[in-house]
Amino acid sequence: MIEARHLRVLRAVAGTGSFSAAARELGCTQPAVSQQMKALEHSAGTPLLVRTGREMRLTQAGEALVRHAAGILAGLTAAEEEVAAIAGLRAGRVRLVSFPSGSSTLVPTALAAMRAGHPGTRISLVEAEPPRSVEMLREGDCDVALAFRYAGTPDVGEWQDLVVRPLLTDRLVGLVPEGHRLAGAERVEMADLAEEPWIAGCPRCRRHLVEVCEGAGFTPRIDFATDDYPAVVGLVGAGLGVAVLPELAVESVRTKGARTVAVEPAVEREVVALTLPDLARVPAVAATLAELERAAGR
């Protein structure tokens with residue numbers, strides 16, 4: 001019989017490449033990791049790891065087991081949490097991952113409400129942009145992922161295996177230096193910015209910026225690229241270029257030296273909370289999704 005603890009150890013070995021590194025990650029000894037791997041291979045009836053020098057390489061069977069481990073462990077976590085709630089234990093854990101502008105706007109309100117209403121629930125937060133945040137959810141490294149996608153993108157089926165909780169539609173706004181010729185404009189066509197140097201954001205946002213600009217008839221000259229929104233505002237404020245930012249991002253930073261303008265055609269992104277179907281039934285996860293939805297409706 002394959003045990004969940006053995007699967008967790010296998011994932012750690014696969015992720016770190018050695019028994020000793022896996023032991024450090026799991027907080028146990030190297031002999032304990034070795035012993036559990038031997039037990040797992042005995043249960044599987046086939047080798048799962050091959051030693052290559054100081055590192056471990058997965059066999060084909062090992063790769064298959066690691067591939068299934070995330071879903072198995074997520075299902076077990078869901079079962080444990082739901083059983084604990086049914087038994088009357090007012091405790092739980094939710095691992096949340098969010099993109100930066102969501103972390104600074106939606107997440108604080110939602111987590112404050114969770115702490116007030118469910119003080120026994122522990123919530124952790126790390127930051128990652130999609131698609132990495134969605135990968136973390138599928139790999140079992142988080143329970144809820146805040147993510148976004150742009151309207152009209154072809155990858156509409158990328159979340160079809162997940163529970164999707166729509167939160168809000170986030171419109172992009174233009175950002176120009178205060179002394180810019182278009183700083184006082186009520187609305188700006190993207191084509192009006194064709195000759196400007198651009199400051200771009202995260203890889204997904206950068207790709208979408210290029211697509212929008214090309215749709216307006218030009219290819220943007222991107223002089224700077226950064227995932228840090230205050231850095232984008234600082235570069236624009238210093239007169240080094242123009243940018244488009246989500247309204248959530250503008251809400252969370254000081255736009256010193258820069259002015260926001262509406263851009264046409266309108267560019268929007270859909271902001272959602274994602275989880276796995278099994279995890280959606282866990283009370284602490286369901287409560288977190290509900291509080292994120294309330295925060296988005298502020």
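## Starting at Phe99

Is Phe99 buried or exposed? In this predicted model, Phe99 is buried, with a relative accessible area of 1%. The cut-off for that label is under 20%, so a value of 1% qualifies.

## Two aromatic pairs

Let's turn to the rings. The structure holds two aromatic pairs. One of them joins Phe99 and Phe148: the ring centres are 5.1 Å apart and the planes meet at 80 degrees, so this pair is edge-to-face. Phe99 belongs to the loop between strand 3 (92–98) and helix 5 (100–117), while Phe148 is part of strand 5 (residues 144–150), so their contact ties together parts that are 49 residues apart in sequence.

Phe148 also pairs with Tyr150. Here the distance is 5.8 Å centre to centre, with 80 degrees between the planes, and the geometry is again edge-to-face.

## A three-ring cluster

Put together, the ring pairs link Phe99, Phe148 and Tyr150 into a cluster. Phe148 takes part in the pair with Phe99 and in the pair with Tyr150.

## A charge over the ring

The charged end of Arg269 sits over the Phe148 ring, 4.4 Å from its centre.

Key
Residues are numbered from 1 along each chain as its sequence is written. This is a predicted model: local features need pLDDT of at least 70, side-chain atom pairs count only at pLDDT 80 or more; totals for chains, interfaces and linings use all residues. Side-chain values use heavy atoms; hydrogens and water are left out. Rings of Phe, Tyr and Trp (its six-membered ring) pair if their centres lie within 6.5 Å; planes under 30 degrees apart count as stacked, over 60 as edge-to-face and the rest as tilted. Helices (H or I, at least four residues) and strands (E, at least two) are DSSP runs, numbered from the N terminus. Buried means under 20% relative accessible area, exposed over 50%, partly exposed in between (1.4 Å probe, protein chains only). A charge sits over a ring if NZ of Lys or CZ of Arg is within 6 Å of the ring centre and within 35 degrees of the ring normal.
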